[in-house]
Amino acid sequence: MCTDLSRIGIVLLLFGNLLWPAHRSRAQSFADTYPKNNPDSLEQWVRANPKANPQTRLKALITLERTYTWNYHDRVGTHLPEINRLATVQKRENAMAWAQYLEAYQVFNQNRLVDVVPLANKALKRFGSQNDRSGQLHAYGLLVLTNSTLYGNRITSSRALSEQYLKKMEALLHENSNVHDYLTTQLVYTRFQYGEMDNGARSMRQTLDNAERVIEQYPDCAYARYRFGRIEAIYYGLIGEHEKAYSRNKQVLQLLRPEQDWEMATLTYNLATDCYKLNRIDEGIALCRQSIAMLSRAKPVNYAILAGPYTKYRELVQKKGDYVAANRLADSVQKYNGLVFLAENNKKMLELQVRYETERKQTQIAELTQKQQAAAFQYRVITAGLILVTIVATAIGLLFWRLRRINRQRALALAEVQQLYKAREQFIGIIAHDMRKPLVSFRGLADLISDRLKQRAYADIGQISQAIDSAGVQIETMLDNLLRWALAQREAIPYHPDNIRLNDLLHRVTDLYRNLVQFHDINIAVNCADTVLVWADVDGLELIVRNLIDNALKAIGSSGCISVSGVLLPDHQVRIEVWNSGSGVTSDKLLFLQGVLVGRRSVQLGEQGLGLGLLLVRDFVARNKGNITVEHGRPEGICFVVTLPVSRQLDSLPAIWRAYEGA
């Protein structure tokens with residue numbers, strides 16, 4: 001299939017000079033708005049002539065937008081609102097078709113692939129009604145691009161559908177050939193051929209050569225040099241010739257202008273990937289930093305695109321052997337990959353999390369709506385009967401009361417559904433954030449361990465093992481919190497209080513964390529008398545202490561101190577303190593936390609950084625008949641204070657208690 005397409009392209013190239021003049025005589029009013037090599041002068045004219053002839057201005061705006069689709073990723077859609085307005089006011093069907101195509105391309109540019117197809121099909125239908133073959137060819141091309149990702153990983157499994165679109169493009173090109181449409185077709189060929197590299201490498205090479213000859217022959221087509229040059233570099237990377245890919249990317253980078261930030265950042269990242277393959281580690285790291293800096297300047301920042309440079313940056317640092325720096329980058333990799341993960345899996349998680357609740361609420365809303373419709377019908381009948389019967393006034397009053405009651409019930413149901421959606425989104429966001437960070441730490445560890453074993457770098461293996469343990473404990477803590485939270489919502493958590501020796505429990509929990517921070521400058525101290533006994537559920541108390549220590553570790557980062565103490569108070573209470581030497585919190589944040597912990601205010605997960613762990617601590621302290629407060633640390637940091645009932649064994653040991661009170 002790809003070979004046939006390339007042969008057709010060569011034939012069209014040979015006869016291009018004959019077909020080009022014929023096309024221009026048939027061109028419709030907006031079909032000749034082809035991209036320009038340098039849009040500066042046209043942009044200046046647009047800014048300087050806001051009240052120019054509407055049709056002239058409309059053609060200029062469409063020309064600019066089509067130029068942006070080739071070389072100015074960040075500008076796509078800039079003039080789309082004005083194009084839509086002018087096309088609608090002038091009732092220019094062909095211009096409306098191009099406006100719909102450009103809107104579809106803007107959505108494609110934003111990677112919202114599911115929304116592209118209906119928009120592209122609308123534009124295709126409108127182009128067909130105007131007999132605009134060039135527009136139809138572009139719409140079919142966009143559908144092929146949507147049906148494939150960069151390396152041929154199909155969004156749909158319909159390879160036959162892409163071939164069908166390509167055949168229609170060939171037919172349109174035969175009927176209405178010009179060099180600009182020919183280059184668009186060649187560009188679409190390359191995207192289709194990404195997925196055919198096992199058998200289609202030669203065809204892709206031929207497609208690139210065809211495009212290069214056209215660009216050389218027609219100076220007006222120089223705008224296409226960047227796109228085909230970048231694709232040629234990718235082609236070299238796909239066939240394993242990374243030195244050629246590196247050189248080609250370097251050449252294409254020289255073609256870019258300072259304002260082409262996104263294109264420059266993308267090429268810089270591609271060069272970093274080439275350096276990774278060529279073991280040019282330091283150069284690759286520098287290129288990743290440049291790419292991240294350029295992508296971060298874009299407004300709004302595209303976090304999904306940033307995931308690639310951060311991931312490659314971390315891989316290069318790992319390859320260099322700088323595991324400390326690689327671990328620091330894990331947060332950034334987790335952050336941007338997490339956003340991509342959420343975008344791809346949000347719908348499935350929604351179905352799993354709130355399917356039952358949503359269906360139930362929707363059923364209630366449907367029933368209430370049906371009742372409201374029935375009541376409204378009844379109201380209309382009664383109103384009509386007012387002419388005959390004066391007593392109907394009483395019925396009307398009753399009907400109004402019923403309507404108001406139904407409306408209130410419906411409003412409450414709608415508010416509950418909205419609150420459910422909001423809670424679900426916050427809940428999913430916190431799960432994704434907390435789970436992704438430790439999971440990212442596992443990526444590539446097998447290769448790293450194998451590499452360190454070959455080099456006999458056993459000290460590095462010890463650090464890697466510690467990182468695995470740390471990530472595993474984080475995952476275990478998160479999963480345990482989720483289980484406890486789910487059981488708490490169902491009121492299914494068992495509560496079995498008993499006499500607990502507090503010193504043993506505190507040491508048991510802190511010993512686990514000491515093993516995890518042995519390679520960091522972190523000190524965890526326990527200060528509790530061996531005679532202190534507390535009356536509580538052992539599993540619940542362990543969850544309280546574990547989450548407070550985990551919260552303290554997050555606050556101090558890679559160095560600092562944590563103190564865990566337990567003391568018997570004279571009022572038959574046990575006081576447990578967890579203090580950390582971190583930077584502490586502001587007074588406003590402290591008041592917020594105090595209000596949450598004592599239950600003075602209702603909160604949502606994620607509000608002011610509130611996590612699932614701290615809410616569990618609050619609930620489990622209450623279940624164990626205790627209290628929790630938070631205060632500024634002395635002299636620094638922050639301190640959480642938990643008070644629980646003293647062990648009931650002390651009631652039978654008055655001598656010990658009196659001795660304590662005397663002391």
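Ile562 stands opposite Asn580 in S5, where strands are DSSP runs of E with at least two residues and helices are runs of H or I with at least four, numbered from the N terminus. The model is a predicted one, with local features needing pLDDT of at least 70, side-chain atom pairs counting only at pLDDT 80 or more, and totals for chains, interfaces and linings using all residues. Residues are numbered from 1 along each chain as its sequence is written, and side-chain values use heavy atoms, leaving out hydrogens and water.

Strands S4 (residues 559-569) and S5 (residues 573-580) pair in the antiparallel sense over eight bridges; pairing takes at least two DSSP bridges between two strands. Both sit in an open sheet of five strands, ordered S2-S4-S5-S7-S6 with mixed pairing. Strand S2 (521-528) and strand S6 (627-632) are at the edges with a single partner strand each, so one side of each has no neighbour in the sheet. On average, neighbouring strands here are turned by 15 degrees against each other, direction ignored. Helix H21 (residues 502-516) packs on this sheet and touches S2, S4 and S5, its direction making about 175 degrees with that of S2. For such angles, axes are lines fitted to C-alpha atoms, for helices over the stretch in contact (heavy atoms within 4.5 Å), and values run from 0 to 180 degrees between N-to-C directions.

Then there are the nonpolar cores: sets of buried (under 20% relative accessible area, 1.4 Å probe, protein chains only) Ala, Val, Leu, Ile, Met, Phe, Trp, Tyr and Cys residues joined through side-chain atoms within 4.5 Å. The largest has 66 residues, with Tyr101, Leu142, Leu183 and Phe228 making the most contacts inside it. Helix H6 (residues 93-109) gives the most to this core, eleven residues.

Technical notes
Buried means under 20% relative accessible area, exposed over 50%, partly exposed in between (1.4 Å probe, protein chains only).
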